[in-house]
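Thank you all for coming. I would like to walk you through one protein today, starting with the chain as a whole and then moving to individual residues. Please have a look at it before I go on.

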Amino acid sequence: MPKLLLFVVMLISLMIVLEAKNCPLKKNKLRKTIKKYNKLCLNRGFQSNLGCASSDTRKLGKKKLRKCRKIEAALKKCGHSCPTDGGWGEFGDWSECSVECGGGVQTRSRSCDNPAPTHGGAACEGDAEESQGCNIDECVTDCESKSETIRMESWGYAYAERKMKVSSMKVNYRQSSSPCTMGHSFGFDEVKVWVNHGCRADFDVEMTVCD
C-alpha cells in the first residue's frame, strides 16, 4: 500500500476512534437513537450528511428538520456511518485480440468503485470481467507456385537432404546410377527433399511456396 494512502487510512481510523470517545450516548441509548434516526428522519426524506440513503422524497418541516439534525450530530460524535453498497463503474476498453485471424478472444474489466462499498456495505454483484470473440475471419496465406530442378546425390551411400520451405510438392526423378526407390532411397515432405543408399537423381519439383 502506498505511504500516502496508508497515512489517510490511519488518519480516518484515528478520527473515528476520537469521535467514538466523545460519544454522548451510552450503548443502549445509541442503538435506540439509530433506530429513531432511521424511522423519523431517513424514512421521511431527511438528507443525511453521514452517507445514509433516504427512502422518501418528502421534505420535513422546520421543527422535524432541526430535530433530525440534532440526532445526526449526536450520532456523528459517536462515529456512526451508514453502510454504502458498492456499485460497478464503467467497463474499460477491450483488450487486443489474442490472434490476428482464425478466431480469438478479447476481454475488458470494470471496478466496484462507483461507489466502493463502505462501512459493511454489500460488494458488487456480477462479474468484473467479460470476454467476446474477435477476428473470426479465416487466416489467408499468401502463396505462389514455382518449379525448380534440383540434383540430389547420396555420396558413399550416405544420407543427404536439402531444406526447402514448401507447403506441397510433386517430384519426378531420372535415375543417374544406383537404383532409387521412393520411400527407401529418396523422398520428400513439406520442408525437405532427401536421398540415401547411393541414390543420385535430378528432381523436378513443383512447389507452392507460402509466406
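Predicted model: local features only at pLDDT ≥ 70, side-chain atom pairs only at ≥ 80, totals over all residues.

Among contacts in the protein between residues at least 6 apart in sequence, what percentage join residues at least 24 apart? The figure is 66%, where a contact means heavy atoms within 4.5 Å.

Residues are numbered from 1 along each chain as its sequence is written, and side-chain values use heavy atoms, with hydrogens and water left out.

Let me begin with the overall layout. The protein has three helices and eight strands, and from the N terminus the order is α-α-α-β-β-β-β-β-β-β-β; these elements are DSSP runs numbered from the N terminus, helices being H or I over at least four residues and strands being E over at least two. Of its 211 residues, 25% count as buried, and here buried means under 20% relative accessible area, exposed means over 50%, and partly exposed lies in between, with a 1.4 Å probe and protein chains only. The protein exposes about 15,200 Å², of which carbon and sulfur atoms supply 52%, and these areas come from the Shrake-Rupley method with a 1.4 Å probe, counting for residues only the protein chains shown as cover.

Now to the interior. A nonpolar core is a set of buried Ala, Val, Leu, Ile, Met, Phe, Trp, Tyr and Cys residues joined through side-chain atoms within 4.5 Å. The largest one has 14 residues, and those touching the most other members are Tyr37, Cys41, Phe46, Cys52 and Leu75. Helix 2 (27-41) and helix 3 (62-77) each supply at least two residues of this core, and the largest share, four residues, comes from helix 3. If we leave out residues up to four places away in sequence, Cys41 touches Lys36, Phe46, Cys68 and Ile71. There is also a second, separate core of 13 residues, which includes Val171, Ala201, Val205 and Met207.

Next come the charged side chains. Side chains of opposite charge can pair when their charged atoms come close. The structure holds five salt bridges, each being a side-chain nitrogen of Lys or Arg within 4 Å of a carboxyl oxygen of Asp or Glu. In one of them, Glu130 pairs with Arg108, and the closest N and O atoms are 2.5 Å apart. This pair links distant parts of the chain, since Glu130 is in strand 2 (residues 129-134) and Arg108 is in strand 1 (residues 104-109), 22 residues apart. Another salt bridge joins Asp189 and Lys192 at 2.7 Å, N to O; Asp189 counts as partly exposed because its relative accessibility is 30%, whereas Lys192 counts as buried because its value is 17%.

Let me turn to Ser185, which lies in the loop between strand 5 (169-175) and strand 6 (186-188). Is Ser185 buried or exposed? Its relative accessibility is 1%, so Ser185 counts as buried. Its side chain reaches the backbone nitrogen of Thr181 at 2.5 Å, a polar contact, that is, a pair of N or O atoms within 3.5 Å in which, within protein, one must be able to donate a hydrogen and the other to accept it, and residues adjacent in sequence count only if both atoms are side-chain atoms.

Finally, some backbone details. Most residues other than glycine have a negative phi, and most peptide bonds are trans. A cis peptide bond, with omega about 0°, joins Asn114 and Pro115, and Pro115 lies in the loop between strand 1 and strand 2. His197 has a positive phi of about 55° although it is not a glycine, and His197 is found in the loop between strand 7 (192-195) and strand 8.
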